[in-house]
Amino acid sequence: QNMITFSLLILVRNIVETQNLSQANTVISLLILAFSSPAVLFSPVAGVVVERADKRTVMAIANGLRTLAVLAFLALDPTWPAVLTLSALYIITFFFGTVGQFFGPAQAAAIPMIVRPRELLSANALFNLTFTGSQILGFATLGPLAIKLFGVQNTLVGILILYVGTTALALLLPKTPPVHRQVREDVEPFRAFILEAREGLLMVLQRPLLIKAITYLTLATTTYLMIAALGPEFIVDVLGLESEDVAYVVAPAGFGVVAGALL
């Protein structure tokens with residue numbers, strides 16, 4: 001996923017150069033908005049859906065759909081009219097980000113069902129370490145290196161193969177049945193769905209520690225995405241390097257994330 005994020009930044013930069021577009025930062029910012037806005041729009045819904053579903057099934061379907069999204073990215077041609085290419089890219093990116101909102105909660109919720117209670121703390125620690133490590137490996141190391149060596153299209157093909165593999169890996173997990181909740185018979189399913197989403201929101205609002213954590217995470221992610229949006233243009237126009245060398249700008253943030261996790 002983090003390699004995809006970096007690849008899309010370079011793909012948009014290639015479209016900007018091919019089409020001689022003047023508003024490069026705006027074009028890249030719209031890409032980041034398409035990728036990040038699903039977290040705001042769909043994460044509350046995703047939590048409720050995951051609670052009612054088999055976590056293994058959700059993860060397998062999510063990775064299968066993301067495989068299709070990568071195929072759609074491969075079908076794009078930078079020489080198409082700019083409006084058509086960018087619109088298609090933003091729509092696919094929005095779809096890719098939306099599907100990802102269902103994978104994350106399913107993955108996190110499956111851990112307590114797979115490990116024994118005394119192993120949960122270690123399992124969560126290992127999960128957070130590998131998750132944050134993937135950010136620096138994908139966005140600041142493997143993504144830039146793969147694009148430099150093989151180009152954007154071949155990198156996307158490699159990511160496509162990885163997604164096929166992770167879909168298969170998800171199917172190897174044990175079944176994680178949905179949580180059965182006591183629901184009043186006189187409440188319609190959609191109404192019950194809304195009530196559960198509201199319950200989750202109220203739980204967050206009533207806990208200052210959760211609000212503080214979410215605020216910190218939001219600020220950190222916003223800053224990181226701002227740097228990612230401005231980075232390619234800065235790298236090319238100011239430093240005179242290749243657009244994929246934006247890794248030099250974002251790598252310190254990635255190292256910081258990993259250092260924080262280790263600490």
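Student: Which helix gives the largest share of the nonpolar patch?

Tutor: Helix α3, residues 55-75, supplies that share, with four residues. Keep in mind that this is a predicted model.

Student: What makes up the nonpolar surface patch?

Tutor: Five side chains form the patch: Ile61, Leu65, Leu68, Leu71 and Phe95. Its area is about 430 Å². Take Leu71, which sits in helix α3. Its relative accessible area is 43%. A patch residue needs over 30%, so Leu71 at 43% passes.

Student: Why is Leu71 called partly exposed?

Tutor: The exposed class starts over 50%, and the buried class lies under 20%. Leu71 has 43%, so its label is partly exposed.

Student: How do you know how far to trust the chain, and what is its average pLDDT?

Tutor: The average is 84, and 95% of the residues score at least 70. Of the chain's elements, α3 has the highest mean pLDDT, 94. Helix α8, residues 247-262, has the lowest, 73. Where pLDDT is low, predicted coordinates should not be read in detail.

Student: How many aromatic pairs does the structure hold?

Tutor: Five.

Student: Why is the pair of Phe42 and Phe94 called edge-to-face?

Tutor: Two values decide: the distance of the ring centres and the angle of the planes. The centres of Phe42 and Phe94 are 6.0 Å apart, and the limit for a pair is 6.5 Å. Their planes stand at 65°. Edge-to-face needs over 60 degrees, so the Phe42 and Phe94 rings qualify.

Student: What parts does the pair of Phe42 and Phe94 tie together?

Tutor: Phe42 belongs to helix α2, residues 24-51, and Phe94 to helix α4, residues 82-114. The two parts are therefore 52 residues apart in sequence. Phe42 is partly exposed at 25%, and Phe94 is partly exposed at 29%.

Student: What makes Phe96 and Tyr163 an edge-to-face pair?

Tutor: Their centres lie 6.1 Å apart, with 80° between the planes.

Student: Are Phe96 and Tyr163 buried or exposed?

Tutor: Both are buried. They also belong to a cluster linked by ring pairs, together with Phe35 and Phe73.

Student: How do you know that Arg66 lies over the face of Phe96?

Tutor: Arg66 is 5.9 Å from the ring centre of Phe96. The limit is 6 Å, so the distance test is passed. The charged end of Arg66 also sits over the ring of Phe103, at 4.7 Å from its centre.

Student: How many salt bridges does a search of the whole structure find?

Tutor: Two.

Student: What makes Arg13 and Glu17 a salt bridge?

Tutor: The N to O distance is 3.2 Å. The cut-off is 4 Å, so the contact counts. Both residues lie in helix α1, residues 2-19, four residues apart, which is about one turn of the helix.

Student: Why does Leu217 count as exposed?

Tutor: Leu217 has 57% relative accessibility, and exposed means over 50%, so it counts. Leu217 lies in helix α7, residues 208-238.

Student: Why does Ile136 count as buried?

Tutor: Ile136 has 8%, under the 20% limit, so it is buried. Its place is helix α5. Its C-alpha is 6.7 Å from that of Ala251, although 115 residues separate them along the chain.

Student: What is the phi of Asn20?

Tutor: It is near 55°, a positive value in a residue other than glycine. Most such residues have a negative phi. Asn20 sits in the loop between α1 and α2. At 68% against a limit of 50%, Asn20 is therefore exposed.

Key:
Residues are numbered from 1 along each chain as its sequence is written. Side-chain values use heavy atoms; hydrogens and water are left out. Rings of Phe, Tyr and Trp (its six-membered ring) pair if their centres lie within 6.5 Å; planes under 30 degrees apart count as stacked, over 60 as edge-to-face and the rest as tilted. Buried means under 20% relative accessible area, exposed over 50%, partly exposed in between (1.4 Å probe, protein chains only). A charge sits over a ring if NZ of Lys or CZ of Arg is within 6 Å of the ring centre and within 35 degrees of the ring normal. Patches are made of residues with over 30% relative accessible area and no salt bridge: like charges are joined within 9 Å, nonpolar side chains (Val, Leu, Ile, Met, Phe, Trp, Tyr) within 5 Å. Accessible areas come from the Shrake-Rupley method with a 1.4 Å probe; for residues, only the protein chains shown count as cover. pLDDT is the predictor's confidence in each residue, from 0 to 100.
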